[in-house]
Amino acid sequence: LPYSKPCNMKFIIIIYIVIVCLCSCLTLTLAENLRKNADESTDSEFKLILLNGVLDSEITDVNAVAMSSTGKIVYASSYVYGTSDKSYLYKSADYGKTWQAITDVINVYNIATTPSGRIVYVTQVNDLVNLPAIDRRLLVLKSTDFGETWSISLQSGYTVAELNNYNPFPIVISSSGQHVYFSSSVLLTSNDYGESYIKHQLLRSDDNYYYDGYASPSGIAVSRTGRYAYYVNEHDFYARSTNYGSKFELFPRTFLQRSYASAVGCSESGKIVYIVDSSHGFIHKSNNFGYTFTKVSQIPTNPNTQYTSFNSIVTSKNGDIVYISNYYGPIYKSTDSASTFEELPLTNVPDNDKAYSVLSTNYKGDTLIFGYFQYREYN
């Protein structure tokens, strides 16, 4: 038989020990991460956090809020008005307990962030006080390092009409931050992390009326991957995209019955979609990615409720917990997929027709962070 050199058993044992150690380290790291995640989400007690006066003791107006999937990272902004020196973007890294002002970002209209909170987009006007309207610019700013540094993703002009008519300039993004959906005077989408944008012009088929979102409150919801997106406008206008915003399909407005619909929300997968008929308080639900809708409930009657005023819907990861806010103060919660709603007891919220609520919730839906602001028209 040919001679075979014996194996170096010592070398093999050393390699084996190294592999075992590496596997053990990886296992411990994974276990630690799971433990931390569990620690962050084991407390199922419902938390209702009011931002007014918390960002800064002098801040009484909050106009936008967005949080990470666990709720640990939260971004919020104070109201853009007059000569206020507090109109900053604010960040919390401890579930909203303490806040840091990001003073480089001012005059924020809306905020979107990824599940980790690392990537953040905001819509902003560069100067509302010192520049005439013709020189003002509407910006989309982007950060990829938890708000430490910022770059301009989009810059455009806007008209006085857009500014004087309340428009929240909503923005939503996919979990990776790659897909961006933004509504100003038109609907814009990006599939390359905000490097370039597609402009969508939607021709309404039922009356041949061209409408592009000009100067009207609107809402956008997007699935986690960014594939499914849903767009509503207060002019009973509904469109959806199933191809990452490359194209939007305009739907007949029959199910909205010629009523106002300026709020939309969806589950993480995008399969479950909710739209509020703000004229009547009806909640329309889709279980097939926004293709068809069924009227499932109506917001409870409240003498203080003005039914042309629902402005925000946020849901838990699975879409079973739903929150809906009202321009006039009340916030409603459902724990049975919008079959029934209860009004949340709120304190220190103005009970008049000038208070507008903004909402954000975590994946579990057991924490709701909200703020309100007073509507004012600009000059």
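User: Is Phe 169 buried or exposed?
Analyst: This is a predicted model, where local features need pLDDT of at least 70, side-chain atom pairs count only at pLDDT 80 or more, and totals for chains, interfaces and linings use all residues. Residues are numbered from 1 along each chain as its sequence is written, and side-chain values use heavy atoms, with hydrogens and water left out. The scale for relative accessible area is: buried under 20%, exposed over 50%, partly exposed in between, with a 1.4 Å probe and protein chains only. Phe 169 has a relative accessible area of 1%, so this residue is buried.

User: How many aromatic pairs are there?
Analyst: Rings of Phe, Tyr and Trp (its six-membered ring) pair if their centres lie within 6.5 Å; planes under 30 degrees apart count as stacked, over 60 as edge-to-face and the rest as tilted. By this rule, the number of aromatic pairs is eight.

User: Good, so what kind of pair do Tyr 109 and Phe 169 make?
Analyst: The ring centres of Tyr 109 and Phe 169 are 4.8 Å apart. Tyr 109 is itself buried, with a relative accessible area of 9%. Because the ring planes stand at 75°, the pair is edge-to-face.

User: How many residues apart are Tyr 109 and Phe 169?
Analyst: Helices (H or I, at least four residues) and strands (E, at least two) are DSSP runs, numbered from the N terminus. Tyr 109 belongs to strand β6 (residues 108-113), while Phe 169 sits in the loop between α2 (160-164) and β10 (171-173). This pair links distant parts of the chain, with a separation of 60 residues.

User: At what angle do the ring planes of Tyr 238 and Phe 293 meet?
Analyst: Tyr 238 is buried at 1% relative accessibility, and Phe 293 is buried at 15%. Their ring centres are 5.3 Å apart, and the pair is edge-to-face because the planes lie at 85°.

User: Which residues join Tyr 238 and Phe 293 in a cluster?
Analyst: Tyr 238 is part of strand β18 (residues 237-241) and Phe 293 of the loop between β22 and β23, so their pair ties together parts that are 55 residues apart in sequence. Ring pairs link Tyr 238 and Phe 293 into a cluster with Phe 251 and Tyr 291.

User: Which residues does Ser 286 contact, leaving aside neighbours within four places in sequence?
Analyst: Ser 286 lies in strand β22 (residues 282-286) and is buried, at 0% relative accessibility. Its C-alpha atom is 5.5 Å from that of Ile 272, 14 residues apart along the chain. With contact meaning heavy atoms within 4.5 Å, the partners of Ser 286 are Lys 271, Ile 272, Val 273, Tyr 291, Thr 292 and Phe 293.

User: Which backbone atoms lie 2.9 Å from a polar atom of the Ser 286 side chain?
Analyst: A polar contact is a pair of N or O atoms within 3.5 Å; within protein, one must be able to donate a hydrogen and the other to accept it, and residues adjacent in sequence count only if both atoms are side-chain atoms. At 2.9 Å from a polar side-chain atom of Ser 286 are the backbone nitrogen of Gly 290 and the backbone oxygen of Thr 292.

User: And Ser 92: which residue has its backbone oxygen 2.9 Å from a polar atom of that side chain?
Analyst: Ser 92 is found in strand β4 (residues 88-92) and is buried, with a relative accessible area of 0%. Beyond four places in sequence, Ser 92 touches residues including Lys 72, Ile 73 and Trp 99. The backbone oxygen 2.9 Å from its side chain belongs to Thr 98.

User: What is the strand order in the sheet that holds β22?
Analyst: Two strands pair if DSSP finds at least two bridges between them. Strand β21 (residues 273-277) and β22 are antiparallel over five bridges, and Ile 275 has His 284 as its bridge partner in β22. Four strands form this open antiparallel sheet, in the order β20-β21-β22-β23.

User: How many residues of strand β25 are buried?
Analyst: Val 322, Ile 324 and Asn 326 point one way from β25, and Tyr 323 and Ser 325 the other way. Strand β24 (residues 310-315) is joined to β25 by five bridges, with Ser 312 opposite Ser 325. On strand β26 (residues 331-334), Ser 334 stands opposite Val 322. Of the five residues in β25 (residues 322-326), the number buried is five.
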